[in-house]
Amino acid sequence: MSVDRVEEAEGRDEPEAVTTAAVSATALRYYSVAPGVRLNVRSGPGTNYTVVRVLPEGAKIPIYCQTPGTWVTGPYGTSNIWDNIDDGQYVSDAYVNTGSDGYIAPRCA
């Protein structure tokens, strides 16, 4: 994730940084991973990146941004879109039920 804007807090002597993600956290949507799948979470947008953890079956994930990477075939088709679900953590969009074959979130910076 990247900081998209910084705001000054009113009534304080020093400015306080607020990320857009923190401001819009209440509006964040979660998406289901394909049924029966334990999904590898990787350190970058491709199968050549290290697996940093494995999501359990039935997991629901936020998508902060999306970026192109390695092509993967999964339950929801073949895609080169990778979903950023946390800092330095990506999953293939081919395993996430977003309801779309295209981008549903901003491109990662």
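The paragraphs below walk through this predicted model, from its overall make-up to single residues.

Let's settle the ground rules before looking around. Because the model is predicted, local features are reported at pLDDT of at least 70 and side-chain atom pairs count only at pLDDT 80 or more, while totals for chains, interfaces and linings use all residues. Residues are numbered from 1 along each chain as its sequence is written, and side-chain values use heavy atoms, with hydrogens and water left out.

How confident is the predictor? The score to look at is pLDDT, the predictor's confidence in each residue, from 0 to 100. The mean pLDDT of the protein chain is 84, and 76% of its residues reach 70 or more. Residues 1–23 call for some care: pLDDT stays under 50 there, and the model has 20 contacts beyond four places in sequence for this stretch. A contact here means heavy atoms within 4.5 Å.

Now for the overall layout. The protein chain has 1 helix and 8 strands, where helices (H or I, at least four residues) and strands (E, at least two) are DSSP runs numbered from the N terminus. Read from the N terminus, the order of elements is α-β-β-β-β-β-β-β-β. Of the 109 residues in the protein chain, 34% are buried; the scale is relative accessible area, with buried under 20%, exposed over 50% and partly exposed in between (1.4 Å probe, protein chains only). As for contacts between residues at least 6 apart in sequence, 44% join residues at least 24 apart.

Next come the strand pairings. Strands of a sheet pair through backbone hydrogen bonds, either parallel or antiparallel. Two strands are taken to pair if DSSP finds at least two bridges between them. An open sheet is formed by 3 strands in the order 4-1-8, with antiparallel pairing. Strand 4 (60–62) and strand 8 are its edges, each with a single partner strand, so one side of each is left without a neighbour in the sheet. Strand 1 (residues 30–33) and strand 8 run antiparallel and are joined by 2 bridges; within this pairing, S32 has N97 in strand 8 as its bridge partner.

Strands 5, 6 and 7 bring us to a pair of hairpins. Strand 5 and strand 6 pair in the antiparallel sense over 7 bridges, forming a hairpin with 2 residues between them. Along this pairing, T67 stands opposite W82 in strand 6. Strand 6 also runs antiparallel to strand 7, with 4 bridges joining the two. That hairpin likewise has 2 residues between its strands, and G88 in the turn has a positive phi of about 65°. Strand 6 (residues 77–86) is largely enclosed by the rest of the structure, because 7 of its 10 residues are buried.

Q89 is buried, with a relative accessible area of 15%. Setting aside neighbours within four places in sequence, Q89 is in contact with V41, R42, V52, R53, D83 and N84.

Which cysteines are joined by a disulfide? A disulfide is a covalent bond between the sulfur atoms of two cysteines. Counting pairs of cysteine sulfur atoms within 2.5 Å, there is 1 disulfide. The bond joins C65 to C108, with S to S at 2.1 Å. C65 lies in strand 5 (residues 65–74) and C108 in the segment after strand 8 (96–97), so the pair ties together parts that are 43 residues apart in sequence. The torsion about the S-S bond is about 95°, so the disulfide is right-handed. C65 is buried at a relative accessible area of 9%, and C108 also counts as buried, at 19%.

Finally, follow the chain beyond strand 8. A109 lies in the segment after that strand and is exposed, with a relative accessible area of 96%. A109 and T67 are 42 residues apart in sequence and 8.6 Å apart in space, C-alpha to C-alpha. R107 lies over the face of Y103, at 3.9 Å from the ring centre; the rule for a charge over a ring asks for NZ of Lys or CZ of Arg within 6 Å of the ring centre and within 35 degrees of the ring normal.
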